[in-house]
Amino acid sequence: MEYKWTALLVVIISSLISMINMTIILISLPSIFNGIHINPLNSFQYLLWILMGYGLVTATLLLSFGRISDIYGRIKMFRLGFIIFTIASVFLYLTPSTGNSGALEIIIFRLIQAVGAALFLANSAAIIRDAFPPNEMGKALGINFASLGAAQFIGLVLGGILAVLNWRYVFLISVPFGLVGTIWSFKLKEISHKTSKTKIDVWGNLTFISGIILLLLGVTYGLVPYGSNPMGWNNPLVITTMIFGLLILTLFPFIEKRVESPMFNMDLFKNKMFTYANTANLLMSLARGGMMFMLILLLQGIWLPLHGYSYESTPFWAGIYMLPLVIGTIIMGPISGILSDKYGSRGIATIGMLISAAGFLMLAAIPYNFNYIEFGIILFLLGSGVGMFGSPNSSSVMNSVPPQDRGVASGMFFTLMNTSMIVSMALFFTILIFGLTQRFPDTMISALTSIGAIHLALIISNIPPAGALFSALLGSNPVNTMLSNLPASTVATIPQSTLNTITGTTWFPTTFANAFMPSLRTSFIIGTILCLIASFLSALRGEKFIHEYKVLKSDNKPNISQQESDQKIKSK
């Protein structure tokens, strides 16, 4: 097999295990918590860390790992990532404890797993760029982008199947991928020149890592209820960590301009292509990060129960019904990559963002009991827009930097993307909880009064809506969750006919929809605006800028000539 395809295959394996590991957890959470004998609704912080801890660690380490890889060799770091990820997956499968100890062990092993993922994510785009010539970059990254989309769906389906068999299999499935990736990674060769005679930028690394950790910890714990408030944004600890995190990150560029060997070359931002493509990527990730969360809640909490699906089955079927989103990404990723190789990335990426903006706007307009054909078309359109934007945009970023900076450029690209997705989750979740806190009690009182349960209305309406929200997300009946928080003597006074009504699959989804849909529309309108701004910045990226080098082939092994040249190619 020609070297470039070997390199792409190994990178695809890393993309598959990384994305499968993220989506498989979302579907398998109920089974995992049942397996370690813990109620996730009474252990919100464990739930939050299992969901978001993985992304927090990868966002924190990507840039530093990218620079270390440029210095010591990205193939070595890429292979180390596979090894760490595989070992952590084995430990997750073997999680020995139950209860709170079991939850803590899963969180710790997931964080270790994220360290491995950060090592190969920081180098994946750089390895592809090293192996492929500039006129094939879009195609190669498009294929990898399609594999990410496929992995989303594979993770959802595997999670639904494996969780039924044994919750431990959810983690064991990553092990064969990790072993194959580790073995195949020995076929990879260092192509780019390593950055020689360069010291580790201790101050830059400390500044960036501490700033990102403080900022994202603040964002994460802002979602945790504080006192009598449904969220923690007024928690002094949250406010303090976010302020200090932002202040430390503000110092980062000044430190980088003064240290002898900076971890990130700030001069890269003087390149219009690099700057605008990364900024557009950041805005797209802000729009897209919380989108999946909102769509899953719409399906699991409202639409699927209304159409006869039990709450226990909704996590699996939500993944199936979101398949058009994945198909759009899988189809358009490679196509847009090939077209961008020929015609340039600016126009294709810009159109992709405009299509995404149209998709968000249409999602904001749908009713809660929508026609699925229309919903599926919108999801396909949205996925196509993301696919059209993703591969040309990442191709333009990687083509715009010299070989010795590709690791750190790849790290910066994925750092911005992962950080934005975490912030997006927090933003959309905050909009949702704020809206539910304002509307849900009155909606519940009105709905319960309408079925003659006035005495129950004042009791249930005082229960925080977050419990109902996470019940739907975890595949549990939200009304049963709320009733479990009431004294048994109170529940015993409720007529059986009323219980049958409120615990059925139509009463709560309809009631919940009246409080949920305004927040969903607000979130998707924000997504529309972010995509429109991203499309504007994408159009401003200007000429295609490529750091070109000549590739000499000997015995099918690539090598780099000593002469490198920068080329500016006008977009056609």
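So, phenylalanine 512: buried or exposed? In this predicted model it comes out at 2% relative accessibility, and the cut-off for buried is under 20%, so phenylalanine 512 counts as buried.

How many aromatic pairs does a search of the whole structure find? It finds 27. Take tryptophan 5 and phenylalanine 132: ring centres 5.3 Å apart, planes at 85°, so edge-to-face. Here tryptophan 5 belongs to helix α1, while phenylalanine 132 is in the loop between α4 and α5, 127 residues away. Tryptophan 5 is partly exposed at 30%, whereas phenylalanine 132 is buried at 1%.

There's a cluster too: Trp303, Tyr309, Phe316, Trp317, Tyr321, Phe370, Tyr372 and Phe375 form one aromatic group. And if you like charges over rings, the charged end of arginine 79 sits over phenylalanine 186, 4.2 Å from the ring centre. Lysine 187 does it over the face of tryptophan 184, at 5.4 Å.

Back to α16, now for the pocket. The second largest pocket has a volume of about 380 Å³. It has 18 lining residues, and the closest to its centre are Phe208, Leu282, Met412, Thr415 and Leu416. Helix α16 gives the most to that lining, with 6 residues. By class, the lining has 12 nonpolar, 6 polar and no charged residues.

Methods:
Residues numbered from 1 in each chain as written. Predicted model: local features only at pLDDT ≥ 70, side-chain atom pairs only at ≥ 80, totals over all residues. Heavy atoms only, no water. 1 Å grid on protein atoms, 1.4 Å probe; cavity = no way out; pocket = protein on both sides within 12 Å on 5 of 7 lines; lining within 4 Å. Points joined across faces, edges and corners; volume = space filled by probe spheres on them. Helix = DSSP H or I, 4+ residues; strand = E, 2+ residues; numbered from the N terminus. Nonpolar A, V, L, I, M, F, W, Y, C, P; charged D, E, K, R; others polar. Phe/Tyr/Trp six-rings, centres within 6.5 Å; stacked < 30°, edge-to-face > 60°. Buried < 20%, exposed > 50% of the residue type's maximum accessible area, 1.4 Å probe, protein only. Lys NZ or Arg CZ within 6 Å of the ring centre and 35° of its normal.
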